[in-house]
Amino acid sequence: MGKYQTLLYYCYSTITDGEQFAADHLKLCKSLGLTGRIIVADEGLNGTVSGPSEACKTYMDTVHADARFSSTEFKIDEVDVPSFVKMHVRYKSEIVHSGLRDPKMINPQKRTGKHLEPKDFLAMKDDEDVVILDVRSNYEHALGKFKNAVTLDIENFRDFPAMINQLAKYKDKKVLTYCTGGIKCEKASALLLHEGFKDVYQLHGGIIKYGKEAGGEDFEGKCYVFDNRLSVDVNSVNPTVVSTCRNCGAVTDKMINCANPECNEHFTQCDACGEKLEGCCSDTCMEHPRKRVYDGTGYYVKVPQPVNTEKKAKVLN
């Protein structure tokens, strides 16, 4: 066991005291010295946390001790340093924003796609009557995706429902959905079933679990992750690089955030262009007065904006 770990997990389970649970959960995480991001909603938990291995074990044991989350599956990565700087636990309306006017029209606790373990997904994915569907955002599948996967032109998962009509031609196929850790597929597959798709599956545990248990075979490129690593390798069988630099077109697997905080776009950029543009996606962004210092990683800690005391005084008066 390494010195530090990063845990990726989710659990759809009803929480009736969501706001109070979020506040108490933040205290728990801070008491254990963990960092990360956790979303709490009435429908469950969605989190990535990082910290000392023993603290991570205590955290997992604590979560599992709660009957509501006893079935939670943690994807565990050994890391050299914690994958976050701060700890955030936030209460929101959904643990994954569905984009639906009435999110309650689908309920992953009651109906969702058939779960495929990585070895079963591997055995099934190349069948003639199968369509592999990537339900992640553009910047994620631009960095890496399964060979022959259908990808969607969406900026966020909330855009997924609007794409259902474009997928209608696959209604007679077996649709195998996948995402990073499995959470988006719970809602995506549930929505596909709601819209009349008959044979819908999902990769249980997502790309991360597939990499650990099936060697990541035929996953081309890297997998985008929502922490300061930005991407991880998952394919140890037949790895390839499929992404290219936004600026010069050179092959690169490096994903960064634009150094201009007003842009902050996720994009792929080679080291040469990173140095030239100081971590920005364009010359325009490089000239922005609030451009952040680029240290070669493309990951930036959020800095609180200074309070405009004069404006605040006017509001109070």
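Two strands are taken to pair if DSSP finds at least two bridges between them. By that rule, β7 and strand β9 (residues 174–178) are partners in this predicted model, for five bridges join them and the two run parallel. Within this pairing, V130 stands opposite K174 in β9.

The pair belongs to an open sheet of four strands, arranged in the order β6-β10-β9-β7 with parallel pairing. At its edges are β6 (114–116) and β7 (130–134), each of which pairs on one side only. From one strand to the next, the twist of this sheet averages 30°. Helix α5 (residues 183–194) packs on the sheet and touches β6, β7, β9 and β10 (200–203). The direction of α5 makes about 175° with that of β10.

Rolling a probe the size of a water molecule over the atoms shows where empty space is left. The count comes to one cavity of 30 Å³ or more, and the largest cavity has a volume of about 30 Å³. Its lining consists of V131, L133, L167, Y170, V175, L192 and F197. By class, that lining has seven nonpolar residues, with no polar and no charged ones.

A further open sheet is built from five strands in the order β4-β1-β3-β2-β5, and its pairing is mixed. Here β4 (75–79) and β5 (87–91) stand at the edges; each has a single partner strand, so one side of each is left without a neighbour in the sheet. The twist in this sheet averages 10° from one strand to the next. The partner of β5 is strand β2 (residues 35–41), and the two pair in the parallel sense over five bridges. Across this pairing, I39 stands opposite R90 in β5.

Open space may be considered next. The second largest pocket holds about 320 Å³ of space. Among the 15 residues that line this pocket, D42, E43, S93, P103 and K104 are the closest to its centre. Its lining is divided by class into five nonpolar, five polar and five charged residues, whereas the lining of the largest cavity has no polar and no charged residues.

There remains the matter of confidence. The mean pLDDT of the protein is 93, and 94% of its residues reach 70 or more. Residues 304–317 are a stretch over which pLDDT stays under 50. For these residues the model has two contacts beyond four places in sequence.

Terms used: Residues are numbered from 1 along each chain as its sequence is written. This is a predicted model: local features need pLDDT of at least 70, side-chain atom pairs count only at pLDDT 80 or more; totals for chains, interfaces and linings use all residues. Side-chain values use heavy atoms; hydrogens and water are left out. Axes are lines fitted to C-alpha atoms, for helices over the stretch in contact, and angles run from 0 to 180 degrees between N-to-C directions. On a 1 Å grid over the protein atoms alone, a cavity is a set of points where a 1.4 Å probe fits but cannot get out, and a pocket is an open set with protein on both sides within 12 Å along at least five of seven lines; lining residues have an atom within 4 Å of a point. Grid points are joined across faces, edges and corners, and a volume is the space filled by probe spheres set on the points. Ala, Val, Leu, Ile, Met, Phe, Trp, Tyr, Cys and Pro count as nonpolar, Asp, Glu, Lys and Arg as charged, and the others, Gly among them, as polar. pLDDT is the predictor's confidence in each residue, from 0 to 100. Contact means heavy atoms within 4.5 Å.
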